[in-house]
Amino acid sequence: MSDLKHDAPEAAAGWAITELLAGFIQELRQAGLPVSLTENLDAMEAVKHIPLEDREAFKYALAATLVKNNTHWRAFETVFEVYFSMRGSRYHIGDADDELAKLLEELEQGDDDMQGDGPRSGSGGGESMTPEQIAEMLFRALQKGDDALMRAVARQSVRRFAGMEPGRPVGGTYYLYRTLRNLDLDAVMDKLMEQAREQAPEPLTPLEERLEQDEFQARVDQLKREIEAEIRRALVADRGVEAMARTLRKPLPEDVDFMHASREEMASLRKAIYPLTRKLAVRLARKRRHGRKGPLDFRNTMRHSLSSGGVPADLKFKYPRPSKPEIFVVADISGSVAAFARFTLHLVYAISGQFSKVRAFVFIDGIDEVTHMFEGVEDISEAVHRVNTEADVVWVDGHSDYGHAFEVFHQKFAKEITPKTTVIVLGDARNNYHASQSWVLKDIEKRARHLYWLNPEPKSYWDTGDSIVGEYASHCDGTFECRNLRQLEKFVDYLA
Amino acid sequence: MPDQSFRFESVPEVRESLRRVDYLSDEGIAGVVYLADRLGKPILVEGPAGTGKTQLAKSVAEMSGARLIRLQCYEGLDESKALYEWNYKKQLLRIQAERADGNTWEKLEEDIFSDDFLLTRPLLEAITADDPVVLLIDEVDRVEVETEALLLEILSDYQVSIPELGTIEAKQIPLVFLTSNNTRELSEALKRRCLFLHVDYPDLEREKDIVLTKVPDITDSLADQVARIVRSIRQLELKKAPSVSETIDWARTLLLLGVEHVDAETAKATINILLKYQSDIAKAVRELEQEHGTIVKAAAGK
């Protein structure tokens with residue numbers, strides 16, 4: 001069994017695989033995954049030990065050797081789908097499908113009350129399914145959670161509703177939207193729940209109802225994934241692998257731009273921030289403890305020398321205790337930059353153990369202190385949510401006015417800024433052409449230990465239009481572009 | 001590197017053997033274990049706490065009849081705890097004993113740096129063992145980045161270099177598992193040398209199977225309910241989602257309490273076994289009740 005040497009014909013097949021893998025790895029790198037040469041070689045070695053017919057095993061073999069970070073899994077999966085799933089001949093737009101026909105047949109025989117015995121042509125069947133039939137099938141698939149049926153529904157509904165035409169320059173999301181709109185999954189969910197309630201021998205308790213709903217929701221999510229995959233397959237068949245892989249390329253979670261994140265990306269960002277803060281906190285705590293070595297600790301050294309017969313073989317040092325800075329976060333929470341402020345506040349509070357004190361201020365055109373909302377709160381995201389809904393930040397019209405906000409900040413809080421304080425201002429400095437009042441920053445800089453400005457806009461947009469970040473920046477100790485989690489993490493690390 | 005025959009025939013075989021020792025794997029887990037054996041590479045297992053990462057190593061050891069050598073990592077772990085250490089107390093004694101005999105220094109030096117004075121620690125022990133072993137390096141993310149470098153030689157070449165003795169090569173390639181809770185990013189060098197396996201919370205079916213296996217007397221319907229409730233709870237945004245081991249504990253508790261059917265009241269009364277933070281418990285209790293309202297509303301609105 002340990003004979004792994006390839007014979008000549010197999011070597012040819014091996015060569016084809018090597019070619020394919022090379023392209024695949026190229027695409028992974030394009031998508032931003034770091035794949036090193038050794039990992040590349042490992043992958044090639046690994047697939048030799050796996051039966052190629054087994055798609056799942058093949059996928060895991062590649063994943064184990066190429067993807068070393070779980071957040072990259074989704075990107076990997078997408079590329080994999082594009083590269084390997086539709087290499088078979090059976091995936092083309094409008095292809096007949098025997099398996100489905102059989103399924104339909106069974107369905108119809110098993111159930112006489114299925115409405116509409118519509119005309120179906122031979123084994124191809126699929127083309128002639130009416131929307132009603134699809135709806136019926138969908139309901140059944142979701143109710144039973146039958147994988148095969150689910151796949152069939154996905155294929156049918158894409159064929160029927162997505163309106164895909166060869167060569168049409170439209171993205172996958174458009175087709176997905178069209179398909180889902182026609183399926184009306186919300187209504188189906190309601191219907192399923194209703195039926196579950198009717199079928200139960202006694203009325204469902206809230207808990208049971210909740211469980212039923214989660215079950216159906218899971219199935220609906222699965223169906224959506226099937227539909228997405230189906231659309232992707234069809235698109236790849238139409239446009240070719242390379243073109244498709246390019247359009248599907250999505251930024252990794254740590255590279256998603258705060259200001260232009262879609263709702264889905266926002267959700268993934270929120271998920272990413274918790275492990276990130278935990279990692280950061282651990283790293284900082286360690287850095288503090290193991291930073292530099294201090295002077296020799298004589299007593300400790302002598303104590304330890306006893307075990308080596310009085311010879312001071314093991315030197316012990318005192319560790320210095322660096323002082324903890326005090327942090328003032330002043331954040332713009334007007335529409336466009338709100339998400340950025342939210343993440344920064346979250347991050348700063350999550351590692352507040354690293355600072356002696358953290359105070360938070362938010363503004364649009366008025367300014368309000370929100371420190372109390374974080375006090376004694378266990379769930380930071382809840383506090384951040386409260387900040388966005390409860391803080392009193394509108395003074396006149398609710399359009400950003402940095403000048404006025406700074407002026408009020410100076411009046412109320414400037415006295416409390418000490419040489420131990422680090423002030424961080426968050427915002428895009430788009431001042432709607434109000435007065436800048438940059439003297440406030442100049443004064444703060446004099447009082448505080450450091451004054452930093454974080455701007456969520458790309459550097460090339462700075463000082464265009466009503467952005468006056470340049471004017472403020474001249475008074476700051478540092479101005480940083482902070483567009484994604486990676487940059488934010490880097491800054492906070494630098495801060496502590 | 002020494003020749004060796006492979007431990008496993010195929011992926012399904014790995015899966016089946018794991019099942020026999022009560023570890024329910026999935027396609028991914030079994031596949032990576034199989035590959036690790038074939039490629040002679042360590043496995044880096046990552047995932048949330050309590051999803052059976054350490055148990056995987058134990059079960060693999062059990063199923064292949066190998067000895068498990070475990071290195072628990074912690075902050076401040078160093079060479080002398082992980083690799084080897086010279087037994088300098090014994091060396092001192094030897095020097096003092098030899099002094100009386102009037103031996104030359106060269107002879108003495110040769111003497112005190114030999115195997116007799118070497119204390120083997122888990123890593124060295126694993127590669128010098130004659131019998132089959134499984135090496136488990138637990139919670140590798142707890143050591144500092146610098147200490148990680150200690151592991152690199154042994155992980156890629158299965159050898160340990162001791163300046164006084166030379167290089168000690170492995171007699172056989174052990175299966176190596178490294179587990180990580182992902183509290184920090186591991187170094188690229190370490191990751192590159194390993195196969196990567198992410199163990200996540202199991203899906204509904206598998207979790208139910210695990211409960212059925214680990215809690216022998218439980219009924220099928222109760223196991224199903226347990227798995228479903230846990231899945232619902234995991235979907236909430238919690239500080240710490242319930243782990244598999246907590247699911248099992250909960251199932252055991254319900255069984256002990258003689259519960260046959262979980263209703264909201266029982267769930268609320270025992271939820272502190274699943275969740276360990278007060279804020280999480282409050283949230284879960286609220287959610288489990290609240291959902292009713294939204295459904296009723298949805299139904300009424302139609």
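In chain B, the C-alpha centres of domain 1 and domain 2 lie 34 Å apart. This is a predicted model, so please hear every value as computed from it. The domain assignment for chain B puts domain 1 at 11-83 + 121-198, domain 2 at 85-119 and domain 3 at 204-301.

Staying with chain B, consider its overall dimensions. The C-alpha trace spans about 100 × 40 × 40 Å along its principal axes. The radius of gyration of chain B is 25 Å, whereas a compact globule of 302 residues would come in near 19 Å. Chain B has 14 helices and 9 strands, and 36% of its 302 residues are buried. Take the contacts in chain B between residues at least 6 apart in sequence: 76% of them join residues at least 24 apart.

Now chain A. Its secondary structure amounts to 20 helices and 6 strands. Chain A has 496 residues, and 33% of them count as buried. For contacts in chain A with a separation of 6 or more, residues 24 or more positions apart account for 71%.

One helix in chain A deserves a slide, α7(A). It covers residues 147-161. Does its length fit the rule of 1.5 Å a residue, or what span should we expect? The 15 residues should span 21 Å, and the end C-alpha atoms are 21 Å apart, so the two agree. Of those 15 residues, 11 are buried, so α7(A) is largely enclosed by the rest of the structure. After α7(A) comes Gly163(A), with a positive phi near 65°.

Last, the interface. How many residues of chain B are in contact with chain A? There are 42, and they meet 42 residues of chain A. On the chain B side, the elements that each supply at least two residues are α2 (27-39), α5 (88-101), α9 (188-193), β9 (195-198), α11 (220-234), α13 (264-270) and α14 (278-301). The largest share comes from α14(B), with 8 residues. By type, the chain B side divides into 17 nonpolar, 15 charged and 10 polar residues.

Terms used. Residues are numbered from 1 along each chain as its sequence is written. Chains are lettered from A and ligands numbered from 1 in the order in which they are written. This is a predicted model: local features need pLDDT of at least 70, side-chain atom pairs count only at pLDDT 80 or more; totals for chains, interfaces and linings use all residues. Two residues are in contact if their C-beta atoms, placed from the backbone, lie within 7 Å. Helices (H or I, at least four residues) and strands (E, at least two) are DSSP runs, numbered from the N terminus. Ala, Val, Leu, Ile, Met, Phe, Trp, Tyr, Cys and Pro count as nonpolar, Asp, Glu, Lys and Arg as charged, and the others, Gly among them, as polar. The expected span of a helix is 1.5 Å times one less than its number of residues. A residue is buried if 20 or more other C-beta atoms lie within 10 Å of its own, exposed if 12 or fewer, and partly exposed in between; C-beta atoms are placed from the backbone. Domain bounds come from an automatic or database domain assignment. The radius of gyration is taken over C-alpha atoms; the globule rule is 2.2 Å times the number of residues to the power 0.38.
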